[in-house]
Amino acid sequence: MTISATPAKSITPLVIHNIAAAALLEIRWSDGTISHLHHRDLRQACPCAWCRAARLRGDIREIDPDVRVTAINAMGYGLQLVFNDGHDRGIYPWIYLNTL
C-alpha cells in the first residue's frame, strides 16, 4: 500500500514587531501576509496546558483589556509571550499564530 501525503505549507515569520502603544503584535509572514494580533486576544488564546484545560472545562476567565505583552522569546518553532499579568507559560507555535 502506498500512502501519499502533501507536506504542510511551511509558514515562517520574517518580522515580528510588538506595537506596545496599540497592544498589537505584528507578524509579517513568508507568504506575504501580515497578522495584527491584539495582546488581549493572544492572552485569551494561550496554548499552555493550564489555559487549555481551563477552556476545556468551560472555565473562561475574563482577561484584563489592558493586558500587555512585555517580553517575546523566540523558541525556534514559535514564541513564548510574557504578559504583564505574570503569565509566561504559553509557547505559541508559528502555525498557531498564523491561524489566530
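Of the 100 residues in the chain, 32% are buried, where buried means under 20% relative accessible area, exposed means over 50%, and partly exposed lies in between (1.4 Å probe, protein chains only). The structure is a predicted model, in which local features need pLDDT of at least 70 and side-chain atom pairs count only at pLDDT 80 or more, while totals for chains, interfaces and linings use all residues. Residues are numbered from 1 along each chain as its sequence is written, and side-chain values use heavy atoms, with hydrogens and water left out.

**Overall architecture**

- The secondary structure comprises three helices and six strands, with helices (H or I, at least four residues) and strands (E, at least two) taken as DSSP runs and numbered from the N terminus.
- Along the sequence, these elements follow the pattern β-β-β-α-α-β-β-β-α.
- Taken along the principal axes, the C-alpha atoms of the chain fill a box of roughly 50 × 35 × 20 Å.
- The accessible surface of the chain comes to about 6,300 Å², and 55% of that surface belongs to carbon and sulfur atoms; the areas come from the Shrake-Rupley method with a 1.4 Å probe, and for residues only the protein chains shown count as cover.
- Among contacts between residues at least 6 apart in sequence, 34% join residues at least 24 apart, a contact being heavy atoms within 4.5 Å.

**The three-stranded sheet**

- Three strands form an open sheet in the order β4-β5-β6, with antiparallel pairing; two strands are said to pair if DSSP finds at least two bridges between them.
- The edge strands of this sheet are β4 (69-74) and β6 (91-93), each of which pairs on one side only.
- Neighbouring strands of the sheet are turned by 30 degrees against each other on average, direction ignored; the axes behind this value are lines fitted to C-alpha atoms, for helices over the stretch in contact, and angles run from 0 to 180 degrees between N-to-C directions.
- Strand β4 pairs with β5 (residues 78-83) in the antiparallel sense over five bridges; within this pairing, I72 has L81 as its bridge partner in β5, and A74 stands opposite L79 in β5.
- These two strands, β4 and β5, form a hairpin with three residues between them, and G76 in the turn has a positive phi of about 85 degrees.
- Strands β5 and β6 pair in the antiparallel sense over three bridges, and the bridge partner of Q80 in β6 is I91.
- Strand β5 is mostly covered, since six of its six residues are buried.

**The nonpolar core**

- The largest nonpolar core has 18 residues, and those with the most contacts inside it are L25, L42, L81, F83, Y92 and L97; such a core is a set of buried Ala, Val, Leu, Ile, Met, Phe, Trp, Tyr and Cys residues joined through side-chain atoms within 4.5 Å.
- Strand β2 (24-29), strand β5 and helix α3 (94-99) each supply at least two residues of this core.
- Leaving aside its neighbours within four places in sequence, L42 is in contact with L25, L37, L81, F83, Y92, L97 and L100.

- I19 lies in strand β1 (residues 13-19) and is partly exposed, with a relative accessible area of 26%.
- Not counting residues up to four places away in sequence, I19 touches L24 and E26; I19 and H38 are 19 residues apart in sequence and 9.5 Å apart in space, C-alpha to C-alpha.
- E26 belongs to strand β2 and is buried, with a relative accessible area of 12%.
- Apart from its neighbours within four places in sequence, E26 is in contact with V15, I16, H17, I19, I34, S35 and H36.
- The side chains of E26 and R28 are joined by a polar contact of 3.5 Å; a polar contact is a pair of N or O atoms within 3.5 Å, where within protein one must be able to donate a hydrogen and the other to accept it, and where residues adjacent in sequence count only if both atoms are side-chain atoms.
- S35 is found in strand β3 (residues 34-38) and is buried, with a relative accessible area of 10%.
- The side chain of S35 makes a polar contact of 2.8 Å with the side chain of W29, and, leaving aside neighbours within four places in sequence, S35 is in contact with L25, E26, I27 and W29.
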